[in-house]
Amino acid sequence: MSEEATSFEREYPMKLLGLSCGRKNGNGEILLKEALLAVQEAGGIDVEIVRLLDLDINPCTGCEGCTQSMSKGGTGECVQWKNDDALWLRDRFDACDGLITSAPCFVLRPSGRFCTMNDRFLGFGPKFLMGVFHRKKRIAAAIASGGSDWTQLMMSQMMPALFMLNMKVVDQFQANWVASPGHVLLRDDLIGRARRLGVNVASAMKKPVEEAAFMGDRPGTCPYCHTDLVTLQKKRVVECPICGIKGEISIKGDEISVAWIEEDIKHIRWEPLGMKSHFNDIKETHGKFAQGKEMASARIGKYTAFAPYVKPKANA
């Protein structure tokens, strides 16, 4: 290790958080622990694990309390914090220098528990969310596990949680065909891949974040989130739906590539300019509604009166 790396490690004691979003000691958590063991063996980094199963995270109700508060210059914080562990989790995110998150696949995408957690991030409040973008980026990686190859939306839906915390993703991998609890223990290749992810994270954390490069198996199509998911716009234009950047697709023989628009790259939605623009859009949208609120109030009666709801008897 160079003197610079040693000095960096000594001057900045580091903490790595492992976020387990699946079964206790299930396949995803086993892979996460293998990665964390590799980090621990590298030295100089303390590790800890948070299991989402141990936390009480209520689903977002869509009450608009956070965005309404933000639009009026308030804290923009979720009104449910007195009732669950979301604030505690926010503080764990805030205290860590790096994050490895592991989630299982439930029908093409991450589990509902993971999505419920991520839905609550907006309620962390603009002071926190913008605050993390005024501090140095931190290192992150993602592990996904699934029982088959129905996992195509996993990484694309895991990335927003990391980017909202101003993390730089240096590795990610998908472990398929491990359905039963502990199945991954029969796959030395996946255990080895998780260990390599841990080594990559430890290496990245011990150098200036500007020097940390993506070390995944392949760079992916998008230069920021490193996923291959794109949406067709018009003619040859495609967009990364995760990062909001556009580019022109080209095909030469068997090779498909995208030339990303430089101006779009400057305004990636997860960077300060993109985040600021998003908050301003929300504020402007609420302002437009406020101007027509009386009209909306006059028209809502038709819909509140229409109530052919059905409920289970126990909830009646």
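Trainee: How many aromatic pairs does the structure hold?

Mentor: The structure holds five aromatic pairs. Rings of Phe, Tyr and Trp (its six-membered ring) pair if their centres lie within 6.5 Å; planes under 30 degrees apart count as stacked, over 60 as edge-to-face and the rest as tilted. This is a predicted model: local features need pLDDT of at least 70, side-chain atom pairs count only at pLDDT 80 or more, and totals for chains, interfaces and linings use all residues. Residues are numbered from 1 along each chain as its sequence is written, and side-chain values use heavy atoms, with hydrogens and water left out.

Trainee: Stacked or edge-to-face for Phe93 and Phe121?

Mentor: Edge-to-face, because the planes sit at 70 degrees, with the ring centres 5.7 Å apart.

Trainee: Where do those two lie?

Mentor: Phe93 lies in helix 4 (residues 86-95), and Phe121 in the loop between helix 5 and helix 6 (126-132). So the pair ties together parts that are 28 residues apart in sequence. Helices (H or I, at least four residues) and strands (E, at least two) are DSSP runs, numbered from the N terminus.

Trainee: What about Phe121 and Phe124?

Mentor: Their ring centres are 4.8 Å apart and the planes are at 25 degrees, so that pair is stacked.

Trainee: Buried or exposed, these Phe residues?

Mentor: Phe93 is buried, at 1% relative accessible area. Phe121 is buried too, at 1%, and Phe124 is buried at 2%. Buried means under 20% relative accessible area, exposed over 50%, partly exposed in between (1.4 Å probe, protein chains only).

Trainee: Which residues form the aromatic cluster?

Mentor: Phe93, Phe121, Phe124 and Phe128 form one cluster.

Trainee: New topic. How many residues of helix 7 are buried?

Mentor: Nine of the ten in helix 7 (residues 154-163). Among them are Met154, Met155, Met158, Met159 and Phe163.

Trainee: What do they pack against?

Mentor: The buried residues of helix 7 pack against strand 3 (98-106), strand 4 (109-110), helix 5 (112-119), strand 5 (138-145) and strand 6 (167-175). Contact means heavy atoms within 4.5 Å.

Trainee: And the largest nonpolar core? How many residues?

Mentor: It has 55 residues. Those with the most contacts inside it are Leu19, Phe93, Leu99, Met158, Met159, Cys243 and Trp270. Helix 7 supplies the largest share of this core, seven residues. A nonpolar core is a set of buried Ala, Val, Leu, Ile, Met, Phe, Trp, Tyr and Cys residues joined through side-chain atoms within 4.5 Å.

Trainee: Which residues does Trp270 touch?

Mentor: Not counting residues up to four places away in sequence, Trp270 touches Phe133, Pro160, Phe163, Met164, Tyr224, Ile242, Cys243 and Met275.

Trainee: What is in the second core?

Mentor: That separate core has 28 residues, including Leu32, Ile143, Val170 and Val209.

Trainee: Where is His226 found?

Mentor: His226 is in the loop between helix 8 (188-205) and strand 7 (231-234). His226 is buried, with a relative accessible area of 13%. Leaving out residues up to four places away in sequence, His226 touches Val169, Gln172, Phe214, Pro219 and Gly220.

Trainee: Zooming out: how many helices and strands in the chain?

Mentor: Twelve helices and ten strands. Of the 316 residues of the chain, 44% count as buried. Among contacts between residues at least 6 apart in sequence, 71% join residues at least 24 apart.

Trainee: What does the C-alpha trace span?

Mentor: About 70 × 50 × 45 Å along its principal axes.
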